[in-house]
Amino acid sequence: MAKSSKKPQAKPATKPPVVAPVVAPAIDIGLSDGERRKIAEGLSRFLADAYTLYLKTHNFHWNVTGPMFNTLHTMFEAQYNEEWTALDEVAERIRALGFNAPGSYADFARLSSIAEEPLSSTADWREMVRQLVLGNEAVCRTARKVLKGADDAGDDPSVDLLTQRLQTHEKYAWMLRSLLQ
Ligand SMILES: [Fe+2]
């Protein structure tokens, strides 16, 4: 049987159903907007300190010289690897609180309480260790302040995170200081 040469009839146009766009609900995790903002700002300062210390520790892993080379090259590596992993937890806690985490060198320089203190090419390992003691202690002071605010607001996940970081950086400060005693 020969095929029909008739063109198929166009179906009458039908309007697509109107679907309301899905909107993300407002954050409601049991903390007020002001509490979330204050804790996130504190965690951002902590992240900036922790990132600056991480970078300083990695820098010294690369550039340390002298009779303590092997000990310090290895020790700095263990510390910067652990610090690097912890940064992600802090940044993601800021996101969970509903704010953007700082993530640029300009942000970190603005927010950090740790000085850059670039080393001269003749600086020895003792100066590196001294700077890392001070850096770890600065991280501890910031953690303690932010932890207090998080505790007052009942933000246990932030308290837990900062307690762990405090414990670790106090230990690093002790280990590093011991090298100079
Ligand atoms: Fe390395």
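Visitor: Which residue with a positive phi, near 100°, follows α2?
Guide: Helices are DSSP runs of H or I with at least four residues, strands are runs of E with at least two, and both are numbered from the N terminus. This is a predicted model, in which local features need a pLDDT of at least 70 and side-chain atom pairs count only at pLDDT 80 or more, while totals for chains, interfaces and linings use all residues. Residues are numbered from 1 along each chain as its sequence is written. The residue that comes after α2 with a positive phi near 100° is Gly98.

Visitor: How far apart are the end C-alpha atoms of helix α2?
Guide: The expected span of a helix is 1.5 Å times one less than its number of residues. Helix α2 covers residues 69–96, and its 28 residues should therefore span 40 Å.

Visitor: Which helices do the buried residues of α2 pack against?
Guide: A residue counts as buried if 20 or more other C-beta atoms lie within 10 Å of its own, as exposed if 12 or fewer do, and as partly exposed in between, with C-beta atoms placed from the backbone. In α2 the buried residues are Leu72, Met75, Phe76, Gln79, Glu83, Val90, Arg93 and Ile94. An α-helix has 3.6 residues a turn, so residues three or four places apart point the same way. The buried residues of α2 pack against α1 (33–63), α4 (125–153) and α5 (156–179).

Visitor: Is Ala78 buried, partly exposed or exposed?
Guide: Ala78 lies in helix α2, and its C-alpha atom is separated by 19 Å from that of Pro67, 11 residues apart along the chain. Because 13 other C-beta atoms lie within 10 Å, Ala78 is partly exposed.

Visitor: Which helices do the buried residues of α5 pack against?
Guide: Helix α5 has 24 residues and reaches 35 Å from its first C-alpha to its last, close to the 34 Å expected at 1.5 Å a residue. Its buried residues are Ser158, Leu161, Leu162, Arg165, His169, Tyr172 and Leu176. These buried residues of α5 pack against α1, α2 and α4.

Visitor: What is the radius of gyration of the protein?
Guide: The protein has five helices and zero strands, and its C-alpha trace spans about 100 × 50 × 25 Å along the principal axes. The radius of gyration is taken over C-alpha atoms, and the globule rule is 2.2 Å times the number of residues to the power 0.38. For 181 residues that rule gives 16 Å, so the protein is more spread out than a compact globule, its radius of gyration being 26 Å.

Visitor: Which residues is Leu47 in contact with, leaving aside its neighbours within four places in sequence?
Guide: Two residues are in contact if their C-beta atoms, placed from the backbone, lie within 7 Å. Leaving aside neighbours within four places in sequence, the contacts of Leu47 are Leu87, Val90, Ala91, Ala101 and Pro102.

Visitor: How far apart in space are Ala40 and Leu97, C-alpha to C-alpha?
Guide: Ala40 is in helix α1 and is buried, because 20 other C-beta atoms lie within 10 Å. Leaving aside neighbours within four places in sequence, Ala40 is in contact with Ile94, Leu97 and Phe99. Although Ala40 and Leu97 are 57 residues apart in sequence, their C-alpha atoms are separated in space by 6.6 Å.
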